[in-house]
Amino acid sequence: MAGRAQIKTSSSALIAMIADEDTVTGFLMAGVGNVDLRRKTNYLIVDSKTTVKAIEDAFKEFTTREDIAIILISQYVANMIRFLVDSYNNPIPAILEIPSKDHPYDPAHDSVLSRVKYLFSTESVASGRY
């Protein structure tokens, strides 16, 4: 496609997770986990002792790593760092908010869903459709 920027991808990419222990454990059992040679993981388990600063640092690290393609973050954790999640606008890694066992999903707080609604409302207005 002319005029489109190419998105760099490697031959393999990881899924990172920032979520509660049960969610992360489930994904680890499915084979999503990774520990590199420097003992860095692709996940952060959030519990009552986890600071907002630790969550922010993990989010910033995961969004800058070139080996990560998707970041799954529990919606209640994303709400703790909402300003970072909403201000992130790169296509890769993609940020997906997921529900957790103890906190139900609220579509009103999902940054991806709100961007999609905005795009469709803008297209409707631009094309004359309502």
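Visitor: How many salt bridges does a search of the whole structure find?
Guide: Seven salt bridges turn up when the whole structure is searched. Keep in mind that this is a predicted model.

Visitor: Start with R38. Which residue does its side chain meet in a salt bridge?
Guide: R38 meets D36, with 3.5 Å from N to O.

Visitor: Is R38 buried or exposed?
Guide: R38 is exposed, at a relative accessible area of 65%.

Visitor: Which residues are in a network with K40 and E61?
Guide: R65 and D67 are linked with K40 and E61 in a network of salt bridges.

Visitor: Helix 2 also has K53. What does K53 form a salt bridge with?
Guide: K53 pairs with D57, and their closest N and O atoms are 3.1 Å apart.

Visitor: Why are K53 and D57 separated by about one helical turn?
Guide: Because they sit four residues apart in helix 2, about one helical turn separates K53 from D57. K53 counts as exposed, at 52% relative accessibility, whereas D57 is partly exposed at 34% relative accessible area.

Visitor: How far does helix 2 reach from its first C-alpha to its last?
Guide: Helix 2 reaches 18 Å with its 13 residues, close to the 18 Å expected at 1.5 Å a residue.

Visitor: Which residues of helix 2 are buried?
Guide: The buried residues of helix 2 are I55, E56, A58, F59, F62 and T63. They are on the same side of helix 2, because they cover an arc of only 165° around the axis.

Visitor: What is exposed on the other side of helix 2?
Guide: K53 and T64 are exposed on that other side of helix 2. So K53, from the salt bridge with D57, is exposed at 52% relative accessibility.

Visitor: What do the buried residues of helix 2 pack against?
Guide: Their packing partners are strand 1 (14–19), strand 2, strand 3 (68–74), helix 3 (75–80), helix 4 (82–87) and strand 4.

Visitor: Let's do the strands. How much of strand 3 is buried?
Guide: Five of the seven residues of strand 3 are buried, so the rest of the structure largely encloses strand 3.

Visitor: How many bridges join strand 1 to strand 3?
Guide: Strand 1 and strand 3 run parallel and are joined by five bridges. In this pairing, L14 stands opposite I68 in strand 3.

Visitor: In what sense do strand 3 and strand 4 pair?
Guide: Strand 3 pairs with strand 4 in the parallel sense, over five bridges. Here I70 stands opposite A94 in strand 4.

Visitor: I was looking at I98. Where is I98 found?
Guide: I98 is in strand 4 (residues 94–98). At 16% relative accessibility, I98 counts as buried.

Visitor: What does I98 touch?
Guide: Not counting residues up to four places away in sequence, I98 touches T23, F27, L72, I73, S74 and Q75. Take L72: I98 and L72 are 26 residues apart in sequence, with their C-alpha atoms 6.6 Å apart in space.

Visitor: Zooming out, what pattern does the protein chain follow along the sequence?
Guide: Along the sequence, the pattern of the protein chain is β-α-β-α-β-α-α-β-α. It has five helices and four strands.

Visitor: How many of the contacts join residues at least 24 apart?
Guide: In the protein chain, 65% of the contacts between residues at least 6 apart in sequence join residues at least 24 apart.

Visitor: And what percentage of the 130 residues count as buried?
Guide: In the protein chain, 31% of the 130 residues count as buried. The accessible surface of the protein chain comes to about 8800 Å², and 58% of that belongs to carbon and sulfur atoms.

Note on methods
Residues are numbered from 1 along each chain as its sequence is written. This is a predicted model: local features need pLDDT of at least 70, side-chain atom pairs count only at pLDDT 80 or more; totals for chains, interfaces and linings use all residues. Side-chain values use heavy atoms; hydrogens and water are left out. A salt bridge is a side-chain nitrogen of Lys or Arg within 4 Å of a carboxyl oxygen of Asp or Glu. Buried means under 20% relative accessible area, exposed over 50%, partly exposed in between (1.4 Å probe, protein chains only). Helices (H or I, at least four residues) and strands (E, at least two) are DSSP runs, numbered from the N terminus. Contact means heavy atoms within 4.5 Å. The expected span of a helix is 1.5 Å times one less than its number of residues. The arc is that of the directions from the helix axis to the C-beta atoms. Accessible areas come from the Shrake-Rupley method with a 1.4 Å probe; for residues, only the protein chains shown count as cover. Two strands pair if DSSP finds at least two bridges between them.
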